[in-house]
Amino acid sequence: MGKGGGCVPSKKKKPSSLTTTTGDGPGIDDNDATNNAPIQIDDDRTTATNTAGTTTPATAITTSSAAAKISSPLKIFVVFYSMYGHVESLAKRMKKGVDGVEGVEATLYRVPETLSQEVVDQMKAPAKDFEIPEITAAELAAADGFLFGFPTRYGCMAAQMKAFFDSTGSLWKEQSLAGKPAGFFVSTGTQGGGQETTAWTAITQLVHHGMLFVPIGYTFGAGMFKMDSIRGGSPYGAGVFAGDGSREATETELALAEHQGNYMAAIVKRLAQP
């Protein structure tokens, strides 16, 4: 503080509005219709500010619209491993969510099986849908974003998916996937069997590739807080409880998967904006 200077007051800022919550949750009221719907993420900008400080509809901006448009659809690869079909059911519904966003399309891929057919038969696994092709590591470079799905094995991804990630060394060396967004969806046999940890422990695969992990948070809305039914999924991503293998995904679990696909498509589209 100089002679006669005193303290220089900081610039005044308007206080931000805060939402008061009670308890441990964010105070969602199931009776409030505005809170029941999944939170939408804008996939396009509708207004812009000109040099005069006024807002102008984006359609009125004189900048070449052709340059701003994406010439070809953005690609999201939904890559999964599924032994009994639970993860596959989420993947197919996730594709529906992705395809619902204009300018983005999803392609389903499965990773190669590492078990012999004899072992697979002994495990009574159903036949795979051969219309869904197997993917190679090199093909990943063509995607703009990813959704990886796999069942849990003691809180981590199944060995088949880990083997696939282990085959991506050439992409890692060149950092070909760096900056690309990715999310996870999982299947577990029990309620405490790894709905969160299976996705959490998989994040290391993205980190070494320089990829961006995109969780869904609580954007699914009130459905994330309901306690009246058994439901897989977490803020990390969609999920399903397989039980002994006979349980099928519920409509709520499938709806969460569709939401994640839609949400990821909007994120990928936003990141692609010039």
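Trainee: Which residues form the aromatic cluster here?
Mentor: F77, Y109, F146, F148, F150, F164, F165, F184, F213 and Y236 form one cluster. Keep in mind that this is a predicted model: local features need pLDDT of at least 70, side-chain atom pairs count only at pLDDT 80 or more, and totals for chains, interfaces and linings use all residues. Residues are numbered from 1 along each chain as its sequence is written, and side-chain values use heavy atoms, with hydrogens and water left out.

Trainee: How many aromatic pairs are there in the whole structure?
Mentor: A search of the whole structure gives 10. Rings of Phe, Tyr and Trp (its six-membered ring) pair if their centres lie within 6.5 Å; planes under 30 degrees apart are stacked, over 60 edge-to-face, and the rest tilted.

Trainee: Why is the pair of F77 and F146 called edge-to-face?
Mentor: Because the planes of F77 and F146 are at 80°, with the ring centres 6.3 Å apart.

Trainee: And where do F77 and F146 lie?
Mentor: F77 is in strand β3 (residues 74–80) and F146 in strand β5 (residues 145–153), so the pair ties together parts that are 69 residues apart in sequence. Strands here are DSSP runs of E, at least two residues; helices are runs of H or I, at least four, and both are numbered from the N terminus.

Trainee: Is F77 buried or exposed?
Mentor: Buried, with a relative accessible area of 5%. F146 is buried too, at 0%. The cut-offs are under 20% relative accessible area for buried, over 50% for exposed and partly exposed in between, with a 1.4 Å probe and protein chains only.

Trainee: What about F148 and F184, what kind of pair do they form?
Mentor: A tilted one: 6.4 Å centre to centre and 40° between the planes. F148 sits in strand β5 and F184 in strand β7 (residues 181–188), 36 residues apart. Both F148 and F184 are buried.

Trainee: Changing topic: which helix is H86 in?
Mentor: H86 is in helix α3 (residues 86–99). H86 counts as buried, at 8% relative accessibility.

Trainee: Which residues does H86 touch?
Mentor: Leaving out residues up to four places away in sequence, H86 touches S187, V240, A242, G245 and R247. Contact means heavy atoms within 4.5 Å.

Trainee: Last one, how many helices and strands does the protein have?
Mentor: Nine helices and nine strands. Of its 274 residues, 38% count as buried.
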